[in-house]
Amino acid sequence: QVTLVESGGGLVQSGGSLRLSCAASGISFSIYAMGWYRQTPGNQRELVASITNDGREVYVDSVKGRFTISKDNAKNMVYLQMNSLKPEDTAVYYCKSVTTGNWGQGTQVTVSS
């Protein structure tokens, strides 16, 4: 059984930073691709960043240079370091096992102006 649990969300002022964490069980990080997605009310969930099993990273244009995705295969953890946050980054952020299609429960990120 695959379980993904996000943490690290919260309220931060514009320009601030947050680090999201996703703890995974039931999958092997070393061979799976992982991703971070976000969703705002009334909108579809969108990909923010993904990382392949061999460490290749992909980012949506709006977060390039500000967000960094990383993973620790030994700990089965994936992270999203978010710097220079903007009010438009406010959303519920979800961790996803891209390879298996499993989702976490989400963590709220709110950026105040």
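Predicted model: local features only at pLDDT ≥ 70, side-chain atom pairs only at ≥ 80, totals over all residues.
Q: Got it. So which ring does the charged end of Arg19 sit over?
A: The ring of Tyr79, with the charged end of Arg19 at 3.9 Å from the ring centre.

Q: And Arg45, which face does that one lie over?
A: Arg45 lies over the face of Tyr94, 3.6 Å from the ring centre.

Q: Is Tyr94 buried or exposed?
A: Tyr94 counts as buried, because its relative accessibility is 12% and the cut-off for buried is under 20%.

Q: Nice. How many aromatic pairs does the structure hold?
A: Two aromatic pairs. In one of them, the ring centres of Tyr37 and Trp103 are 4.9 Å apart with the planes at 70 degrees, so that pair is edge-to-face.

Q: What about the rings of Tyr94 and Trp103?
A: Their centres lie 6.2 Å apart and the planes are at 90 degrees, so this pair is edge-to-face. Tyr37, Tyr94 and Trp103 form one aromatic cluster.

Q: How accessible are Tyr37 and Trp103?
A: Tyr37 is buried, with a relative accessible area of 14%, whereas Trp103 counts as partly exposed at 33%.

Q: Changing topic: how many disulfides does the count come to?
A: One disulfide. It joins Cys22 to Cys95, with an S to S distance of 2.2 Å.

Q: What parts does that pair tie together?
A: Cys22 lies in strand β3 (residues 18-25) and Cys95 in strand β9 (residues 91-97), so the pair ties together parts that are 73 residues apart in sequence. Both Cys22 and Cys95 are buried.

Q: Why is the disulfide called left-handed?
A: Because the torsion about the S-S bond of Cys22 and Cys95 is about -80 degrees.

Q: Last one: where does Arg66 lie?
A: In the loop between β6 (57-59) and β7 (67-72). Arg66 counts as buried, at 10% relative accessibility.

Q: What does Arg66 touch?
A: Leaving out residues up to four places away in sequence, Arg66 touches Gln81, Met82, Asn83, Ser84, Leu85, Lys86 and Asp89. A polar atom of the Arg66 side chain lies 2.9 Å from the backbone oxygen of Ser84.

Technical notes
Residues numbered from 1 in each chain as written. Heavy atoms only, no water. Helix = DSSP H or I, 4+ residues; strand = E, 2+ residues; numbered from the N terminus. Buried < 20%, exposed > 50% of the residue type's maximum accessible area, 1.4 Å probe, protein only. Polar contact = N/O pair within 3.5 Å; in protein donor to acceptor, adjacent residues only side chain to side chain. Contact = heavy atoms within 4.5 Å. Disulfide = S-S within 2.5 Å. Phe/Tyr/Trp six-rings, centres within 6.5 Å; stacked < 30°, edge-to-face > 60°. Lys NZ or Arg CZ within 6 Å of the ring centre and 35° of its normal.
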